[in-house]
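Dear colleague,

Please find below the structure that I am handing over to you. My notes on it follow directly after it.

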Amino acid sequence: MFPRARRRAAVVAAGALTLSLVACGSGDDSEATDLSENRVGAMSEYGVNQQFKATEPVSFSILYNNHPNYPNKKDWLFWSELTKRTNVTLEPVEVPLSDYNQKRSLLVGAGDAPFIIPKTYPSQEDTFVSSGAILPVSDYLDLMPNFKDKIEKWNLAPEINQRRQADGKYYLLPGVHEKPWHDYSLAVRTDILAELNLEIPKTWDDLYTVLKAMKTRYPDSTPFSDRFSQPNPGGNLLNILAASYGLEGAGWNFQHISWDANAKKLFYTGASEPYKQMLTYLNKLVKEGLLDPESFTQTDDQARQKLANGKSFVISTNAQTLVNEYRPDLAKTLPKATMTKIPLPIGPAGEINPSSRLENGVMISSKARDSKNFVAMMQFIDWLYYSDDGQMFARWGVEGTTFVKDASGKPTLAPDVNVIGLNPDAPKHLQKDFGFYNGVFAYGGKPELVQSFFSPEEQEFQAVMNARTPRPVAPPYPFTDEEREQVSLWQTPLQDFVYQATLQFILGQRDLAQWDAYVAELKSKNMDAYMTKVQEAYERYQKEHG
């Protein structure tokens, strides 16, 4: 339900950007903004974890990402209870999930967007900044005590600062997590491990040893046959490997720029020594028959079929695909097989949790600033998306109807309510019938809330990952409009060439001895000019706001 976040989380490695940036600097001085005529319905005193309730009925338009698994219903308890608690009526402008990004761009570009624009992922706001169509939300933080409180308590300044534009302001209110939430890893046949008297691999080198043993025991198999190869070759596998090698991202999350926290240096991901080492590792797996070369082109169904037929034993996974796909597949064909999601294998970057503490969030239409109810709207957004009670409400719903609490205060689903298979025989569904646990509203929070629907098995996985060190956050290097226009012309050819060469190196179609020639080809595609723009933007930001 909640897609992957696309930036990394941690303590700022550069050490230069502090909470003062978030609290009062770089355009965050909302007290200087005259809002005396925009306070109709607003609470005169509103603070952290205080129930927001407008002083008179108000309504706000919201762009609504209509998910096909739980399409919007006007009679959902979510809508009526939200109005009861806050005196706010939301007016959803429904857009199909499949068309959301395009429709959002059209509405924002035409100046017709609703006031509240959720389900926007970090960096997607960049294209709307120069037109003035969206609000610099960092100017209005004093209206959002819960958001400010979580930034301070959870030391989120480094991550928030990544969203700043060249003017020092940011235009997206992201969902925020206390701890990074990492989901994607590898699933391994544990019955095969037991048969071979092997432990769950802890490192990528351990995985190589395990795959070798599997191949020796089952020579007709290709132990590792992967999925998620679309839209970019290597999908999840390259992305999690890249993190393990200290890179920002690869595969389906390729990031042009990575950050060396020790050297305090930005570098081009696809031309770096760690990237070469990663490809060398994968090339070795392919050459020795341990990794299926079709992993980078086959469909998910083809990869699942190989796993179900015992042709492979390792595959990329997240929590839901393990439970909803792999285990049912194996139960039909190999009923004695067992499988688990293993903690992310450790690589040269050490024991890190690579996931971000930011996820999709909310843009505000600039038109909203002129509304007489603007302050009330910002207080409402702060309560629903960032207060403990608002986050609990969005996820769990109404106590006594959709959930109950045990003696310790821990919530559990009401017996007649199901979600993600927790009460499979229940007649009602938390999302479909009530509108809660909805991706438009429910994200972020403390680990105990984020993980409250997780199985005990998944909670164990999260405990291992949360014990690891968050990976360093790259410092900001926001482009001006002119710079962004220029680098956008370079990025696509560079990325396409990295994808092409990556696959060739892994599959042995191009010898890794040609690495220097490959880097020279990247330079011919304006890599150095691109890096110059990045470095200039970084240094300018440090000088003006650091």
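Predicted model: local features only at pLDDT ≥ 70, side-chain atom pairs only at ≥ 80, totals over all residues.

**Helix H11 and its surroundings**

Helix H11 itself comprises residues 300-308, and Ala-303, Leu-307 and Ala-308 are buried in it. Viewed down the axis of H11, these buried residues fall within an arc of 135°, so they line one face of the helix. Asp-301 and Gln-305 are exposed, on the face of H11 turned away from the buried side. The cover over the buried residues of H11 includes strand S8, helix H12 (319-333) and strand S9.

**The sheet S8-S5-S9**

Strands S8 and S9 also belong to an open sheet of 3 strands, in the order S8-S5-S9, with antiparallel pairing. S8 and S9 (339-342) are the edge strands, each of them pairing on one side only. From one strand to the next, the twist averages 35°. Between S5 and S9, which run antiparallel, there are 4 bridges. Among the paired residues, Val-188 has Thr-340 in S9 as its bridge partner. In general, strands of a sheet pair through backbone hydrogen bonds, either parallel or antiparallel.

**Helix H8**

In H8, the residues Trp-204, Leu-207, Tyr-208, Val-210, Leu-211 and Met-214 are buried. These buried residues fall within an arc of 165° when seen down the axis of H8, so they line one face of the helix. On the other side of H8, Asp-205 and Thr-216 are exposed.

The buried residues of H8 pack against several elements: strand S5 (185-189), helix H7 (190-195), helix H9 (235-244), helix H10 (273-287) and strand S8 (314-317). At the start of H8, the backbone nitrogen of Asp-205 has a side-chain oxygen of Thr-203 within 3.3 Å.

Strand S6 (residues 257-260) and strand S7 run antiparallel and are joined by 4 bridges. The two strands form a hairpin with 4 residues between them, and Lys-264 in the turn has a positive phi of about 50°. Opposite Trp-259 stands Leu-266 in S7.

Thr-269 is found in the loop between S7 (265-268) and H10. Is Thr-269 buried or exposed? Its relative accessibility is 0%, and because buried means under 20%, Thr-269 counts as buried. The side chain of Thr-269 makes a polar contact with the side chain of Ser-258, at 2.7 Å. Not counting residues up to four places away in sequence, Thr-269 touches Leu-247, Gly-249, Phe-254, Gln-255, His-256, Ile-257, Ser-258 and Tyr-275.

**Ala-133**

Ala-133 has its place in the loop between helix H4 (126-129) and helix H5 (145-153). Leaving aside neighbours within four places in sequence, Ala-133 is in contact with Val-108, Phe-128, Ile-364, Ser-365 and Ser-366. From Ala-133 to Asp-528 there are 395 residues in sequence, and the two are 33 Å apart in space, C-alpha to C-alpha.

With kind regards

Note on methods: Residues numbered from 1 in each chain as written. Heavy atoms only, no water. Buried < 20%, exposed > 50% of the residue type's maximum accessible area, 1.4 Å probe, protein only. Arc of directions from axis to C-beta. Contact = heavy atoms within 4.5 Å. Polar contact = N/O pair within 3.5 Å; in protein donor to acceptor, adjacent residues only side chain to side chain. Pairing = 2+ DSSP bridges. Axes fitted to C-alpha atoms, helices over the stretch in contact; angles between N-to-C directions.
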